[in-house]
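Happy to walk through this one with you.

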Amino acid sequence: QVQLVESGGGLVQAGGSLRLSCEFSGLSFGSYFMGWFRQAPGKEREFVAAIGRSGTTNHADSVKGRFFISRDNSKNVASLQMNSLKPEDTAVYYCAADRFPPPGIQPTMAGFYDYWGQGTQVTVSS
């Protein structure tokens, strides 16, 4: 089994920055696709960013140019650097991982992932 623990959330003013970390406990971290999703109250969980085994990244249009996903395979950590934060970025942010993706499903979809962290709250004030 894989365990994921997010950290780094908090309260920040609009225009500020936060860096979220996802600590991966388990074997073969480098073999997993990693993703970040977020969910605001009353809304569906939405894709934020993903990074593949090769380091290929994808970012949602709403965060492109502001958020940057990365991974450090030597430390079993996936990170999300969030810059120029906006109030609409307020949400619980979740880290996700998958090693054996289902055929025909993309890492931008929540159903792609088998493992999820507990989430970390990000609140951006105006």
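Buried means under 20% relative accessible area. Keep in mind that this is a predicted model.

Q: What makes Arg-66 buried?
A: Its relative accessible area is 10%, and the cut-off is under 20%, so Arg-66 counts as buried. Arg-66 sits in the loop between strand S6 (57–59) and strand S7 (67–72).

Q: Which residues is Arg-66 in contact with, leaving aside neighbours within four places in sequence?
A: Contact needs heavy atoms within 4.5 Å. With those neighbours left aside, the partners of Arg-66 are Gln-81, Met-82, Asn-83, Ser-84, Leu-85, Lys-86 and Asp-89.

Q: Why is the link of Cys-22 and Cys-95 called a disulfide?
A: The S to S distance is 2.0 Å, and the rule asks for cysteine sulfur atoms within 2.5 Å, so the pair qualifies. By this rule the count is one disulfide. Cys-22 lies in strand S3 (residues 18–25) and Cys-95 in strand S9 (residues 91–98), so the pair ties together parts 73 residues apart in sequence. Both cysteines, Cys-22 and Cys-95, are buried.

Q: What is the handedness of the link of Cys-22 and Cys-95?
A: The angle about the S-S bond is -75 degrees, and the link is left-handed.

Q: How do you know that the chain agrees with a compact globule?
A: For 126 residues, such a globule would have a radius of gyration near 14 Å; the chain has 14 Å, so the two agree.

Q: How many helices and strands does the chain have?
A: The chain comes to zero helices and 11 strands.

Definitions and conventions: Residues numbered from 1 in each chain as written. Predicted model: local features only at pLDDT ≥ 70, side-chain atom pairs only at ≥ 80, totals over all residues. Heavy atoms only, no water. Helix = DSSP H or I, 4+ residues; strand = E, 2+ residues; numbered from the N terminus. Buried < 20%, exposed > 50% of the residue type's maximum accessible area, 1.4 Å probe, protein only. Rg over C-alpha atoms; globule rule 2.2 N^0.38 Å.
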